[in-house]
Amino acid sequence: MNNTETFLEENVIKIVPKRTRFGKQKGDTIINVMITTLLVILAVVAMFPFYNVLVLSFASVKGMAEHSIYLLPYTFDLTSYGKLFKETSFYRAFGVSVFVTAMGVALNMFLSVTGAYALSKKGMPGRNILLSLVLFTMFFSGGLIPFYLVVKSVNLVNNILVMVIPTGVTTMYLIIMKNYFNTIPASIEESAKVDGANDMYILLKIVLPISKPFIATFALFYAVDRWNEWYNALIFISDSAKIPLQIYLRGLLINMSVQLSSSAAAVVDSKAGVGIQATQMASIVISAIPIMCIYPFMQKHFARGIMVGSIKE
Amino acid sequence: MTSKKELGVTRNPSILKTIAYYKYFYLMLIPVIVWYAVFAYAPMYGITLAFKSFHYGKGIIGSPWIGIQNFVDLTSDTAFWNAFKNTVIISLGKLLFHFPTPIILAILLNEMYFRRAKKVLQTLLTFPHFISWIVLAGIMTNILGQSGVVNQIISTFGGDSIPFLSDASIFRPVIYGSHIWKEIGWDSIIYIAALAGIPVELYEAAKIDGANRWQQIRYITWPGIRPTVAILFILYIGQMLNVGSSFDQIFNLYSSPVYGVADTIDTFVYRTTFTTGANFGYMTAVGFLKSGINVIMIYLANKLVSKAGEQGLF
């Protein structure tokens, strides 16, 4: 009996706990608690302003009067959101941003994927020169005035596409994508070539489908950049019907130059300042919602994407 | 060069054959090349404006040459030198205060025992990176304003309200602090990825040899992260004047009371070009100066880092 038991024990597969570097050392727990507390405090401080914005956006005029320090959601009043949705200028700006994001990402991805894939082919004559020229643009630019003159000469001034075309490529993303394409095993492409496929076919039907998560991550990065686009609009757009959401927000939040059509009534109300603030906060929440929606999807691929990009050739 | 195997020839293919082999790739590159030619390199030709006196009607080519007169004028422009000084100060300030923080955060997060909390914290801290400075400035004006939460709390405790955004002595720290707030999570990602690559065995071996937490960090964690820090340091230095200029951030946060401490090269160029309507040639000279200094800086930083033993960028 004893022999059998020993035999069985030796052959039982033991469940090994996952190896981490945290063992039971003296003082370990204290340090862990300290670090965790510190980081939690940091996160709370970092998130508090957003919380404050959210809470204030739901504030009613009465609630603001009663509570001078507005820390908790005392009221849940959607009037400010209603005010915003009644503004045509808000609608238009929102629509412009949606258009710019959609067109912008399409152009971004087209240019970046073709550029990155082609530049990843090490044997191509002239490739190193082209790559250096592309990299150089990350460190040196012509400056604001020459850029302005170039855009003017291609007739993009005050054109809604000025937020789409001159922002066609973000060199950093292009380089990271190129590095990614370099990690695809050459054997995949070679076997396709043996079967008679040409390079376009390989890109479209073989490389892209297996790269979907990676491509999607960059599409999202570009989307956030286009959604937040305001610099080109600031310089080139003078037609108020063509401004993107960010410029509209700038007028509402910073410049105080936006006149809400309902603000005339608000001026009569003695709490006018209060009403405006809730509306400002509501506009911030609305503009952040698209980003918050895609944020969880982006989270997964950050680290991998950036890591691949940091691999040197 | 393309291998012989790929081309199915038994001697080295001629350059023409190679080009033909890659023809689809050249085709693919056309849109990208055109884009870079128009929007990245054509403006570089416009740098010639820095040496000319721009006459609107004549265009760039027709405007007369004035040599380095613009640069000479620059040396006596107090507004420019103020902007330049601020750019350098803010750039160094951000190097000192902002550059190390993601590294420290990454190390702290790496030390965290509670896995799930670590993920949640990372997610939360990375969020501000995706919000534009316009929105963040709106939030900050709301919170740090006269009737904002921060000042209300201060007055309840009996203090005077602090004009965070209009007081010249406190504006720069506000810039540093808010930049950290926005970017600490995002910037730490690359360091966290580097740290994840350090083999657990190293830590275990160290513990067996009796190393405490601090020694582990100093002798294992830090050397593991040092190459990444070196590369990012070079990139940072190469962008130093751009970082110091921080157009997005400062443009949306500054106002005339703080021009003296916060006006940077980019905001200076923007304001004088589009509101005061200064001479284009002059403004181009400013931009060219900034870009030129950036290139020199990145070259120097690369040299510095190579001397210190780490692999450089080129």
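The pLDDT is the predictor's confidence in each residue, on a scale from 0 to 100. In the predicted model described here, chain B averages a pLDDT of 84, and 94% of its residues score at least 70. Among the elements of chain B, the lowest mean pLDDT, 57, belongs to helix α1 (residues 4-7), whereas the highest, 92, belongs to helix α3 (residues 23-45). For the model as a whole, the scores are ipTM 0.83 and pTM 0.83.

The contact between the two chains takes 66 residues from chain A and 76 residues from chain B. On the side of chain A that touches chain B, at least two residues each are supplied by α2, α5 (88-119), α7 (144-153), α10 (199-210), α13 (245-255), α15 (272-299) and α16 (302-309) of chain A. Of these, α2(A) gives the most, with 11 residues. By class, this side of chain A comprises 41 nonpolar, 20 polar and 5 charged residues.

Two packed helices are described by the angle between their axes and the distance between the axes. In terms of class, the contact of α2(A) with α9(B) has 4 nonpolar and 2 polar residues, and no charged ones.

The contact of α8(A) with α11(A) has 7 nonpolar residues, with no polar and no charged residues.

The loop that joins α7 to α8 (171-182) in chain A contains A:Asn155, and A:Asn158 is placed in the loop between α7 and α8 as well. Most residues other than glycine have a negative phi. A:Asn155, although not a glycine, has a positive phi of about 60 degrees, and the phi of A:Asn158, likewise a residue other than glycine, is positive and near 60 degrees. A:Asn155 counts as exposed because it has 10 C-beta neighbours inside 10 Å, and A:Asn158 counts as exposed because it has 11 C-beta neighbours inside 10 Å.

In chain B, the buried residues of helix α17 (residues 265-274) are B:Ile265, B:Asp266, B:Thr267, B:Phe268, B:Val269 and B:Thr273. The cover over these buried residues of α17(B) includes α7 of chain A, together with α6 (78-97), α14 (240-245), α15 (247-253) and α18 (280-307) of chain B. Elsewhere in chain B, B:Thr123 is found in helix α8 (residues 115-126). B:Thr123 is partly exposed, because 15 other C-beta atoms lie within 10 Å. The C-alpha atoms of B:Thr123 and B:Gly185 are separated by 7.9 Å, although the two residues are 62 residues apart along the chain.

Key: Residues are numbered from 1 along each chain as its sequence is written. Chains are lettered from A and ligands numbered from 1 in the order in which they are written. This is a predicted model: local features need pLDDT of at least 70, side-chain atom pairs count only at pLDDT 80 or more; totals for chains, interfaces and linings use all residues. Ala, Val, Leu, Ile, Met, Phe, Trp, Tyr, Cys and Pro count as nonpolar, Asp, Glu, Lys and Arg as charged, and the others, Gly among them, as polar. Two residues are in contact if their C-beta atoms, placed from the backbone, lie within 7 Å. Helices (H or I, at least four residues) and strands (E, at least two) are DSSP runs, numbered from the N terminus. A residue is buried if 20 or more other C-beta atoms lie within 10 Å of its own, exposed if 12 or fewer, and partly exposed in between; C-beta atoms are placed from the backbone.
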